[in-house]
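Colleague: I would like to learn how to read a structure like this one. Could we go through it feature by feature?

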Amino acid sequence: MKPVLPGRPLRWPAHALRRSVAWVRGWVRSAPGTHIWLLIIGITSLVVASASEGLGQFLLHRTSSNIHELNEHPLPSLLISGFWIERPESFLLYVVMFELLHANVERWLGTWRWLLIVGAAHCAATLASQELVLLAIEGHRLPRSMTHVVDIGVSYGLAAAAGVLTYRLRPPWCYGWLIGVLLFFGVPLLTGATFTDFGHAVSLVLGLVAWPLTPAGREPPYEPGEPAGEGDRAGPADEAGRADEAGPADEAGPADEAGPPGASGARKDAQDR
């Protein structure tokens with residue numbers, strides 16, 4: 001029986017682990033706003049999950065952007081409501097959606113353009129949906145207790161990111177994505193819509209009209225009469241200019257190869273001697 005020689009220790013698990021950690025670190029750094037937002041939502045979700053039922057309900061109502069809070073604290077309620085979720089057990093689902101939507105949009109647009117679109121959509125959708133609630137209360141279609149309804153979450157920003165992501169995809173995938181998001185947000189709006197469904201629709205529209213802020217919207221228009229890459233090809237004038245720069249001195253003539261006059265005769269005399 002042949003002895004078993006000791007081989008080199010397997011290094012691929014450690015190498016793969018280092019590469020995975022480096023990839024995750026690079027991904028997080030490429031979308032800092034998304035992951036800072038996720039971190040804050042994780043902290044607030046832990047607070048709600050660890051609080052008593054009464055304290056949890058108090059926090060959710062106090063941080064909501066409902067009619068009462070918008071009248072009392074308009075700016076804080078608009079901002080703070082985007083960092084809380086009503087059900088902490090759904091945090092992992094939001095992590096997946098943030099990575100699929102927000103992270104990709106932020107990496108594509110940059111943090112500031114992404115934040116502008118998502119923040120504007122969150123504020124506009126919140127104000128529009130609560131205005132709808134106010135009109136329903138004044139028309140006696142909703143009770144006055146709806147002025148204290150819990151209105152928190154990050155779904156308005158996700159809807160806006162889903163709209164912007166349409167321009168990131170290439171045909172024909174972008175058409176399928178657009179049809180999917182229109183059905184996802186449009187069907188609830190047309191079948192027994194709530195004020196939240198109305199806010200989702202507003203956010204989606206704002207995300208779709210943000211096309212001028214995308215790299216595709218900032219590209220100069222293509223002119224059909226101008227062939228692509230025309231400026232890269234050298235024309236006759238450029239070739240003539242290069243010939244003028246070369247000058248006659250660069251062209252070797254027969255006289256240069258033969259040498260100066262009388263040189264051949266001198267060599268012949270030397271050979272005769």
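Modeller: Start with His-35, which touches Trp-27, Val-28 and Glu-99, leaving out residues up to four places away in sequence. Contact here means heavy atoms within 4.5 Å. This is a predicted model, in which local features need pLDDT of at least 70 and side-chain atom pairs count only at pLDDT 80 or more, while totals for chains, interfaces and linings use all residues. Residues are numbered from 1 along each chain as its sequence is written, and side-chain values use heavy atoms, with hydrogens and water left out.

Colleague: Is His-35 buried or exposed?

Modeller: Buried means under 20% relative accessible area, exposed over 50%, and partly exposed in between (1.4 Å probe, protein chains only). His-35 counts as buried because its relative accessibility is 14%. Glu-99, at 21%, counts as partly exposed.

Colleague: Which side chain makes a polar contact with the side chain of His-35?

Modeller: A polar contact is a pair of N or O atoms within 3.5 Å; within protein, one must be able to donate a hydrogen and the other to accept it, and residues adjacent in sequence count only if both atoms are side-chain atoms. The partner of His-35 is the side chain of Glu-99, at 2.9 Å. The Glu-99 side chain also makes a polar contact with the side chain of Trp-27, at 2.7 Å. Glu-99 and Trp-27 are 72 residues apart in sequence, and their C-alpha atoms are 9.7 Å apart in space.

Colleague: Where do His-35 and Glu-99 sit?

Modeller: Helices (H or I, at least four residues) are DSSP runs, numbered from the N terminus. His-35 is in helix H2, residues 32–50, and Glu-99 is in helix H6, residues 91–109.

Colleague: How are two packed helices described?

Modeller: By the angle between their axes and the distance between the axes. Axes are lines fitted to C-alpha atoms, for helices over the stretch in contact, and angles run from 0 to 180 degrees between N-to-C directions. The axes of H2 and H6 come within 9 Å and cross at roughly 160°. H2 is therefore roughly antiparallel to H6, a word used for angles over 145 degrees.

Colleague: What is in the largest nonpolar core?

Modeller: A nonpolar core is a set of buried Ala, Val, Leu, Ile, Met, Phe, Trp, Tyr and Cys residues joined through side-chain atoms within 4.5 Å. The largest one has 25 residues, and Trp-37 and Phe-98 are among those with the most contacts inside it. H6 gives the most to this core, with 6 residues.

Key: Helix = DSSP H or I, 4+ residues; strand = E, 2+ residues; numbered from the N terminus. Parallel < 35°, antiparallel > 145°, perpendicular 65-115°, else oblique.
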